[in-house]
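Hi,

Here is the structure I promised to pass on. Have a look at it first, and my notes on what turned up follow below.

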Amino acid sequence: MAQIQCQTISISLEHATPEQFYSVFNPPYLHLRDICSKMGTDIQIAADYFHATIKVSCPDGETRKIEVEVVSIEPPKKTTNYRAWTVNDPSSEHEIKLEVTDNRNVKWTVCCPPPADDYLNFLESVSKAVDNHIAKN
């Protein structure tokens, strides 16, 4: 069994306030589907707002389906924890944590068997797209 490792990336917000950015990644996800659609990523969000299926086009040309479940939301801390796994592969389960600080920094932490680079690159791209979307609206 592969060793679980946690990797973190930090992104500085240029346009969004911490509250604006954090709200996009929490129910009811008002803008997330549209922003990701423009990036070529399809997100289907369940009616309960706590489950989603994400179709991601990967650099290797494959399309992967990832199931995501919200585990906990801590609005005062602007922190949300997610559980995610590749569809049809429950052994691929991993944890993702979003933290947004008051000084406009976003931290994504992914805990999974290495490498986590695809996830981190995807989360960085989505984060920048969200920040830019907020600047235009």
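**The cavity and its surroundings**

By class, the residues lining the largest cavity are 22 nonpolar, one polar and one charged. Please keep in mind that this is a predicted model.

Searching the whole structure for cavities of 30 Å³ or more gives one, and its volume is about 350 Å³. The lining is made up of 24 residues, and those closest to the cavity centre are Phe25, Leu32, Ile54, Val68 and Tyr82. Two or more lining residues come from each of these elements: the helices α2 (32-38) and α3 (117-136), and the strands β2 (42-45), β3, β4 (63-74) and β5 (79-86).

Next, the aromatic rings. A search of the whole structure finds three aromatic pairs. In one of them, Phe21 and Phe25 have ring centres 5.0 Å apart and planes at 40°, so this pair counts as tilted. Both Phe21 and Phe25 are buried. Ring pairs join Phe21, Phe25, Tyr82 and Trp108 into a cluster.

Finally, a residue in strand β3, which spans residues 51-57: Thr53. Is Thr53 buried or exposed? Thr53 has a relative accessible area of 18%, so it is buried, the cut-off being under 20%. Its side chain makes a polar contact of 2.9 Å with the side chain of Glu67. Leaving aside residues up to four places away in sequence, Thr53 touches Asp42, Ile43, Gln44, Lys65, Ile66 and Glu67.

Happy browsing, and best wishes

Note on methods. Residues numbered from 1 in each chain as written. Predicted model: local features only at pLDDT ≥ 70, side-chain atom pairs only at ≥ 80, totals over all residues. Heavy atoms only, no water. Helix = DSSP H or I, 4+ residues; strand = E, 2+ residues; numbered from the N terminus. Buried < 20%, exposed > 50% of the residue type's maximum accessible area, 1.4 Å probe, protein only. Polar contact = N/O pair within 3.5 Å; in protein donor to acceptor, adjacent residues only side chain to side chain. Contact = heavy atoms within 4.5 Å. Phe/Tyr/Trp six-rings, centres within 6.5 Å; stacked < 30°, edge-to-face > 60°. 1 Å grid on protein atoms, 1.4 Å probe; cavity = no way out; pocket = protein on both sides within 12 Å on 5 of 7 lines; lining within 4 Å. Points joined across faces, edges and corners; volume = space filled by probe spheres on them. Nonpolar A, V, L, I, M, F, W, Y, C, P; charged D, E, K, R; others polar.
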